[in-house]
Amino acid sequence: TKIKNGLYDPEYQKFQRYSAAILQQLEQLEANLEHALNPPADSRPPLKGWSLDEIDENDGSVWPVPGVIPHGLTFVYGLPKGGKSLWMQKLSACIAGGVPFDGIEELEHGRVLYITRDIGASRQEVKKRLMKILPHLGLSEDALDGKLILTDDPFYLNDPASVDNLLAHNLGRFVLVVIDSLFRCVSGSLSQDVVASAAVEAIDRISRATGAAMVAIHHEPRSGEHLFGSVMLDAAYDAQIHVERGKERNSVIVTVQELKNAPVPDKPFIYRIEEEYLAAVAGAGAASATTPKLASSRHQEMLALLPAGWFTRKEGRKLVEPLLTGAEEA
């Protein structure tokens, strides 16, 4: 009886979970050690030097989505249920299906690898969403055959063996690789520098192996509008895009906040949610991405609205909201 009662004791169940977690970590450490001692043949490429005439300065400089997503690492972030995955699934379908994206004609078209690891977002669930999105884009399921690849297998960026497995089963070139979401694709907390740094290194490795631009869907803390986690993440990105629900019911606002090598678009993308589809609102979106001169003019208008002294980011955003959304033109 004592043994039976002990087996059902909540503390014993906690001990079992703790033991399982320890075993998982030990197995991962063993796999990492094996990888370090016996790395795959292509995991440590020679540090080749290049003369200037061997370097194509245009190689790798293509923007999959001009003025929005560069060839590098882009963070698409926001609060849960904000519309991040819906936006990326629509964009992925456009790139794979060979059609424009919300007024942007010059997309780089080709294969997309979409890693879906969020709870409740299995490959079957994502396919259901895509089947609702495709008719709005004038695409059929056949149009994406072999071009939009979904995987929901367990995947950890800070586990070299896991990255090896991903690359071994998804050979060839991709235009875009989407990680949805980042915190579900690491073992440990992204607030730890060692975890975040390993994740960024693996993302770079995947990009080099596939030729793809990388998009990591991530979250923000409820305390403020910024990336959750280590400062290593802030140091790593080439673009940062914020997704949030608008004030109007079923509206979504997608703002390109930072592009390290280009001016940001003049206006955000603004959508209405129609079932599982983000329908673009007329007059919004990065199709109107400005030249640096025009962007500078709009920035000066924003600065003129801001008060002297300290103010929070939310307070500042509220003051310049008409310029962000184009409401002044209504």
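Rings of Phe, Tyr and Trp (its six-membered ring) pair if their centres lie within 6.5 Å. The exercises below apply this rule, and others, to a predicted model.

**Exercise 1.** Determine how many aromatic pairs the whole structure holds, and classify the pair of Phe75 and Tyr237.

*Solution.* 
Step 1. Phe75 belongs to strand S1 (residues 73–78), whereas Tyr237 is in the loop between helix H7 (231–234) and strand S6 (239–245), so the pair ties together parts 162 residues apart in sequence.
Step 2. Phe75 has 0% relative accessibility and counts as buried; Tyr237, at 6%, also counts as buried.
Step 3. The ring of Tyr237 has a further neighbour: the charged end of Lys260 sits over it, 4.7 Å from its centre.

**Exercise 2.** Classify the pair of Phe101 and Phe269, and state which cluster contains these residues.

*Solution.* 
Step 1. The ring centres are 5.8 Å apart and the planes stand at 50°, so the pair is tilted.
Step 2. Phe101 lies in the loop between H3 and S2, and Phe269 in strand S8; they are 168 residues apart.
Step 3. Both residues are buried.
Step 4. Ring pairs join Phe101 and Phe269 with Trp87 and Tyr271 in a cluster.

**Exercise 3.** Check the length of helix H4 and describe where its buried residues pack.

*Solution.* 
Step 1. H4 has 15 residues, which at 1.5 Å a residue should span 21 Å. The C-alpha atoms at its ends are 20 Å apart, which agrees.
Step 2. Its buried residues are Val126, Leu130, Ile133, Leu134 and Leu137. An α-helix has 3.6 residues a turn, so residues three or four places apart point the same way.
Step 3. The buried residues of H4 pack against helix H3 (84–97), S2, S3 and S9.
Step 4. After H4 comes Gly138, with a positive phi near 70°.

**Exercise 4.** Give the strand order of the sheet and explain why S3 and S9 are edge strands.

*Solution.* 
Step 1. The open sheet has 9 strands in the order S3-S2-S4-S5-S1-S6-S7-S8-S9, with mixed pairing.
Step 2. S3 (148–151) and S9 (277–280) each have a single partner strand, so one side of each lacks a neighbour in the sheet.
Step 3. From one strand to the next, the twist averages 25°.
Step 4. S2 (residues 112–116) pairs with S3 in the parallel sense over 4 bridges; Tyr114 has Leu150 of S3 as its bridge partner.

How values were computed:
Residues are numbered from 1 along each chain as its sequence is written. This is a predicted model: local features need pLDDT of at least 70, side-chain atom pairs count only at pLDDT 80 or more; totals for chains, interfaces and linings use all residues. Side-chain values use heavy atoms; hydrogens and water are left out. Two strands pair if DSSP finds at least two bridges between them. Helices (H or I, at least four residues) and strands (E, at least two) are DSSP runs, numbered from the N terminus. Axes are lines fitted to C-alpha atoms, for helices over the stretch in contact, and angles run from 0 to 180 degrees between N-to-C directions. The expected span of a helix is 1.5 Å times one less than its number of residues. Buried means under 20% relative accessible area, exposed over 50%, partly exposed in between (1.4 Å probe, protein chains only). Contact means heavy atoms within 4.5 Å. Rings of Phe, Tyr and Trp (its six-membered ring) pair if their centres lie within 6.5 Å; planes under 30 degrees apart count as stacked, over 60 as edge-to-face and the rest as tilted. A charge sits over a ring if NZ of Lys or CZ of Arg is within 6 Å of the ring centre and within 35 degrees of the ring normal.
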